[in-house]
Amino acid sequence: MGWLSAGDGYEIALVEGRVAARATAGRAAGRRLKSLPKQLRDHPEVERLPRLAEWLDRHVETCVTQVDTWMVSSLPV
């Protein structure tokens with residue numbers, strides 16, 4: 001997943017299931033930050049990313065279940 005613009009001078013992304021931030025300006029430009037800055041914690045995108053990850057996990061489980069059902073049923077796929 002790519003980096004999303006979030007606020008002035010920051011981008012966020014899901015990295016190993018957690019929201020990570022990196023600076024886009026200043027001395028730290030392009031480097032990942034160790035923690036989320038205060039101004040990003042309430043940003044709408046920061047709240048949406050974990051929900052997207054949860055939805056993707058549920059979607060994968062649903063797809064695996066459906067394919068498993070197809071494989072064990074006698075109906076042609």
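Which residues of H2 are buried? In this predicted model, the buried residues of H2 are Val46, Leu49 and Ala53. An α-helix has 3.6 residues a turn, so residues three or four places apart point the same way. The cover over these buried residues includes strand S1 (4–5), strand S2 (10–15) and strand S3 (18–23), along with helix H1 (38–41). Helix H2 itself runs through residues 44–72, a stretch of 29 residues. From its first C-alpha to its last, H2 reaches 42 Å, close to the 42 Å expected at 1.5 Å a residue.

S1, S2 and S3 form an open sheet of 3 strands, in the order S1-S2-S3 and with antiparallel pairing. S1 and S3 are the edge strands, each pairing on one side only. Strands of a sheet pair through backbone hydrogen bonds, either parallel or antiparallel. Between S2 and S3, the antiparallel pairing extends over 6 bridges, and Val15 stands opposite Arg18 in S3.

Val15 and Arg18 also turn up in the lining of the largest pocket. Rolling a probe the size of a water molecule over the atoms shows where empty space is left. Here, the largest pocket holds about 210 Å³ of space. Its lining also includes Glu16, Val19, Ala20 and Ala21, together with Arg32, Leu33, Lys34, Ser35 and Leu36. S3 gives the most to this lining, with 4 residues. Sorted by class, the residues around the largest pocket are 6 nonpolar, 1 polar and 4 charged.

Methods. Residues numbered from 1 in each chain as written. Predicted model: local features only at pLDDT ≥ 70, side-chain atom pairs only at ≥ 80, totals over all residues. Heavy atoms only, no water. Helix = DSSP H or I, 4+ residues; strand = E, 2+ residues; numbered from the N terminus. Expected span 1.5 Å × (residues − 1). Buried < 20%, exposed > 50% of the residue type's maximum accessible area, 1.4 Å probe, protein only. Contact = heavy atoms within 4.5 Å. 1 Å grid on protein atoms, 1.4 Å probe; cavity = no way out; pocket = protein on both sides within 12 Å on 5 of 7 lines; lining within 4 Å. Points joined across faces, edges and corners; volume = space filled by probe spheres on them. Nonpolar A, V, L, I, M, F, W, Y, C, P; charged D, E, K, R; others polar. Pairing = 2+ DSSP bridges.
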